[in-house]
Amino acid sequence: MDQIWFATKYLIGSTSKEIPYEIVYSLKTALDDWEINQRFLITTALIDDPNYFFQALDPSKVIRQFLPKVKIDGLIQIASPRLYRHKPLNIVALYHELGHFVDDFHKVTSNSILLHPPATTDQVALQQEIYHRKEFFADLFAASYSGDAIKFFLQKFAPNAPESLTHPSTTNRIANIDTFLKSRNNKSISIIKDTLNTKKLPLLRRRFTSPDITTSFNNIRPYQIQNDRELHGILEAGWKLLQDIEKAPFPPWSKLDNEFEAERIINDLVEKSIRNKMLKQKWAYGTTH
């Protein structure tokens, strides 16, 4: 009953008009890169607190027992704050949550423990290492699609967060992301790369291109996304433009009365840009199939 309740909550969230379907479309596109040859449905729940998480239970196993005609292999259940449902720059954290699903599905962290066992026999320290490896993988997964966007998100929403049992410190997470995006290695990145390579899984690499959105957005027009790499990269481009405006406002942004208007407009333009790409693809698919 608990699993059915979870599934109902997420499925309702995914069919409501509040669903951030633009970012879900981007997540589905990312999932296609990871050799998951099963029919997974990405479902979302909008929650009324400032947390993001991936639900590891698979209620679809229970659902199939009662509804055998439902043709899905599993549910990917992701939750994000209701407040940010139309703010894709903030919902970039869902790439991190999708990374947790990919990690669990391919058993990346558990295999990394076998290939590169921690030098400790203390159970608490071992558990912490497992948690931290999971977070580092999810961070790098997000960075491989959103670039600096996930770093900017962490700096804004988890500044100076200390190390805990379940999470590395924000400082270490950002340093790890920077190292990865500069195509360098450290111990954590090397362990992940070696594990993926040994398991013959797709490698973590830059899967985005940050488009030049300045002209379009300065004219308050959506940008025409050219391909899937730009689909992901527009999140980094949006964050960088917003930061430039906040540092030194320039026209037309300097003419806004409210300091929060620029953030609202840029989020709106990013959302519309993704929506236009999605509709264009669906239209092309519908007319050729």
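**Close-up views of a predicted protein model**

Let us start with the whole chain: of the contacts (heavy atoms within 4.5 Å) between residues at least 6 apart in sequence, 75% join residues at least 24 apart. This is a predicted model, in which local features need pLDDT of at least 70 and side-chain atom pairs count only at pLDDT 80 or more, while totals for chains, interfaces and linings use all residues. Residues are numbered from 1 along each chain as its sequence is written, and side-chain values use heavy atoms, with hydrogens and water left out.

**View 1. The protein chain has twelve helices and three strands.** Helices (H or I, at least four residues) and strands (E, at least two) are DSSP runs, numbered from the N terminus. The chain has 289 residues, and 47% of them count as buried. Here, buried means under 20% relative accessible area, exposed means over 50%, and partly exposed is in between (1.4 Å probe, protein chains only). The chain exposes about 15100 Å², with carbon and sulfur atoms supplying 53% of it. Accessible areas come from the Shrake-Rupley method with a 1.4 Å probe, and for residues only the protein chains shown count as cover.

**View 2. The largest nonpolar core holds 64 residues.** Such a core is a set of buried Ala, Val, Leu, Ile, Met, Phe, Trp, Tyr and Cys residues joined through side-chain atoms within 4.5 Å. Y95, L204, F217 and I266 touch the most other members. Helix 11 (residues 228–247) gives the most to this core, with eight residues. In soluble globular proteins, nonpolar side chains tend to be buried together. Zoom in on L204: leaving out residues up to four places away in sequence, its contacts include W34, F137, F141 and S144.

**View 3. W34 and F141 form a tilted aromatic pair.** Rings of Phe, Tyr and Trp (its six-membered ring) pair if their centres lie within 6.5 Å; planes under 30 degrees apart count as stacked, over 60 as edge-to-face and the rest as tilted. A search of the whole structure finds eight aromatic pairs. For W34 and F141, the distance is 5.6 Å centre to centre, with 45° between the planes. Why does this pair tie together parts that are 107 residues apart in sequence? W34 lies in the loop between helix 2 (21–31) and strand 1 (40–47), whereas F141 is in helix 6 (residues 123–146), so the pair bridges that stretch of sequence. Both W34 and F141 are buried. Ring pairs also link W34 and F141 with Y95, F137 and Y145 into a cluster.

**View 4. Seven of the ten residues of helix 7 (residues 148–157) are buried.** Among them are D148, K151 and F153. What covers the buried residues of this helix? The cover includes helix 4 (93–106), helix 6, helix 8 and helix 11.

**View 5. S26 is buried, whereas S183 is exposed.** S26 is found in helix 2 and has a relative accessible area of 1%. Leaving aside neighbours within four places in sequence, S26 is in contact with Y95, L231, H232 and I274. Now find S183, in the loop between helix 8 (170–181) and helix 9 (187–198). S183 counts as exposed because its relative accessibility is 62%. S183 and R206 are 23 residues apart in sequence and 9.1 Å apart in space, C-alpha to C-alpha.
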